[in-house]
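Visitor: I am new to this structure and would like to learn how to read it. Please take me through it feature by feature.

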Amino acid sequence: MEDAVWKAVQEQCPDAHQVDLLIALPSFNHASTIGSVLKAILAGLNASFANASILIVNADVGSQDGTPDIVKQTVGDLVPVAVIQPLGEGSSASPFALNRLSYSGMPGREEAFRSFFVLTQRLQAKACAVIDANMRSVTAEWMSLLVKPVLESGADYVAPVFRRPRYEGSLTNNLIAPLTRSLYGKRVGCQVGGGYGFSPKMASTLFQKKFLWEGEAARFAIDSWLTTVAVAEGFQVWQARLGAKVQDNKAGAADVATSLVQAVGASYHYMEHYQDVWEKPTASSAVPEIGKPMETEVESTPIHVERMMKGFRQGLRDLLPIWEVILAPETLAGVLALGLKDDDDFRFPLALWVQTVYDFAVAYHEKVIHREHLLRSLMPLYLGRTSSVVLETRGGGPEMVQHTVEQGCQTFEAMKPYLVDRWRFQ
Amino acid sequence: MSEMWQEAMIAAFREMMNRAVLFLPKLMAMVTFLLVGLAVGWLVKLLLMHILKVVRFEVFCERMGLTSALAKGGVKQRMSDLIGRFSFWVVFLFFAFMGVDALDLPATANLMSAILGFLPHVIAAILVGLLGILLANFSGEAVLIAAVNAQIQGARFMANMVRWGVIIFTGAMVLTQLGIAKEIVVAAFSIIFWGNRVGHGHCGGLRRAHDRQRSARAATASRKGRR
């Protein structure tokens, strides 16, 4: 399999035995955007890495709209370019591929990344940058932001951070990022997609670790676990402030519940694998960042709290027998009490939310019910907490939301002993 | 006369004694079978419960919703206890039937072979029943959570429909497997299935008739308007 990818590159670029930079683009029917993405990349390479030897690789998973042709036309003779079929047999190979597909909107995305990691190893590249072909907001600056920390500062993994309206990414802000921070002691945004930077060390480690690609891990899209694995493995993580994130709508854009299953499921899944790492008490530290500081925006459309509250209340009414199995008695009592509050006075206390997330993690570990059901049953509680955050901060500016998110992170860290105790002695 | 009476009495007594002597070992064999059955049944029960404990069967049952399903049905015992008890009775009955067979009575001739012939059906029925309950709970739970997340108001009703649909279907399969009221089960299913089809068809027909009527009324109204 690895040889097939290497052979395909060698056939198209016979002189490419060793390069400084590998620029990788996974694509699937992205003819409308890939041209502009490539132009921005070429401009960025010209501006920042004019003397470096570069190879652009497009892993196309079966586009029907001529995406690979556009890649070759756009790049021309400026830089060596190869179009490859990703490793493996695409989405049909894994029975869990549908879960991942509905999250990333691209079949074979994981196989494409594995191909890039193999090529980084084979080409002895000093850095690899992966840019999504459906991005409309890629600028020339992205290249230096994603690659320079690897080349000049010893970064192993450069994660993207985007400018977003204050309530966007509430799943990341209220759950994934605080959980990752409390577990592994790194203050990372846990934002996904758009672009990533990898060192050869990180690329080869990810490729070689089979547990990332096989078994239950195959359920989860690569974007949902990259940052978690990077911090858990102790890699040097940086964050690149990439500005706005504008992308074409994904083919199979996932509903919120599916996103939650992917993101939270991946976090819980790797908690089992990295138990030895996160059980140790650690104080969190910030990761280095590169790029211009970004300001949080105010949302352009109003947030409908009523619908979220309705979802929470319906969960309270209908999912109680399931929550009784998952939640600790004191957590359940706290959640039940929330049902008595009026919509205007509704507040989902932060400590209760943290306890809920930790109880779900323990229940996931203990397999008290089917894991997919468990993750999906978290959805109404997440809606309850999100609506509470909106109600608490609606009157304030973006800073107030950031303050609430930071408070959340600190509470997650402070209550970590609760998780460790329950995880060990349940 | 007296001699004849005496001989008849002695012959009858001898006959009786002969029969008793012939029957006593068979009776002893039956008692032995019963005692061995008790001992083996108890051992099998202990062994099985120990294995179930080691493989954390109770946790599995809780996860699959089997424990809660039994609790809803009024069964308060743990699943592993039920299986242990069931295994005891299966083993004991097996030995008891062997004991009855050992008596060699004309009324119980071939009892053992008849029971052994039916045993596979019973085991298959039990397995189908268990799998059916698991599937019913799993599907019901999946539908409930999906419907709640989609904020559909009748989520619990939908989940119950699915759960009971699978349970009823399983019940029918179990009865068919046991050969009980096979014809009635098939007839009941046919009635329900065709009833649904006819009902849907009828509703569809009514809807189409209603649509036709409405469009005819609209056409008349527009003609009147033009006039």
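This is a predicted model: local features need pLDDT of at least 70, side-chain atom pairs count only at pLDDT 80 or more; totals for chains, interfaces and linings use all residues.

Guide: Residues are numbered from 1 along each chain as its sequence is written, and chains are lettered from A and ligands numbered from 1 in the order in which they are written.

Visitor: What radius of gyration does chain A have, and what would a compact globule have?

Guide: The radius is taken over C-alpha atoms, and the globule rule is 2.2 Å times the number of residues to the power 0.38. For 426 residues the rule gives a value near 22 Å, and chain A agrees with 22 Å. Its C-alpha trace spans about 70 × 40 × 40 Å along the principal axes.

Visitor: How much of chain A is buried?

Guide: A residue is buried if 20 or more other C-beta atoms, placed from the backbone, lie within 10 Å of its own. Buried residues are 50% of the 426 in chain A.

Visitor: Which domains does chain A have?

Guide: Domain bounds come from an automatic or database domain assignment. Here they are domain 1 (2-290) and domain 2 (305-425), with C-alpha centres 30 Å apart.

Visitor: How many residues of the two domains are in contact?

Guide: Contact requires C-beta atoms, placed from the backbone, within 7 Å. In chain A, 22 residues of domain 1 are in contact with 23 residues of domain 2. On the domain 1 side, H7(A) gives the most, ten residues. Helices are DSSP runs (H or I, at least four residues), numbered from the N terminus.

Visitor: What about chain B?

Guide: Between the chains, 16 residues of chain A are in contact with twelve residues of chain B. The largest share of the chain A side, five residues, comes from H12(A).

Visitor: How can the span of a helix be checked?

Guide: The expected span is 1.5 Å times one less than the number of residues. Helix H4 of chain B (79-102) has 24 residues and should span 34 Å; its end C-alpha atoms are 35 Å apart, which agrees.

Visitor: Which residues of H4(B) are buried, and what follows the helix?

Guide: The buried ones include Phe88(B), Phe92(B) and Phe95(B). After H4(B) comes Asp104(B), whose phi is positive, near 60°.

Definitions and conventions
Helices (H or I, at least four residues) and strands (E, at least two) are DSSP runs, numbered from the N terminus. A residue is buried if 20 or more other C-beta atoms lie within 10 Å of its own, exposed if 12 or fewer, and partly exposed in between; C-beta atoms are placed from the backbone.
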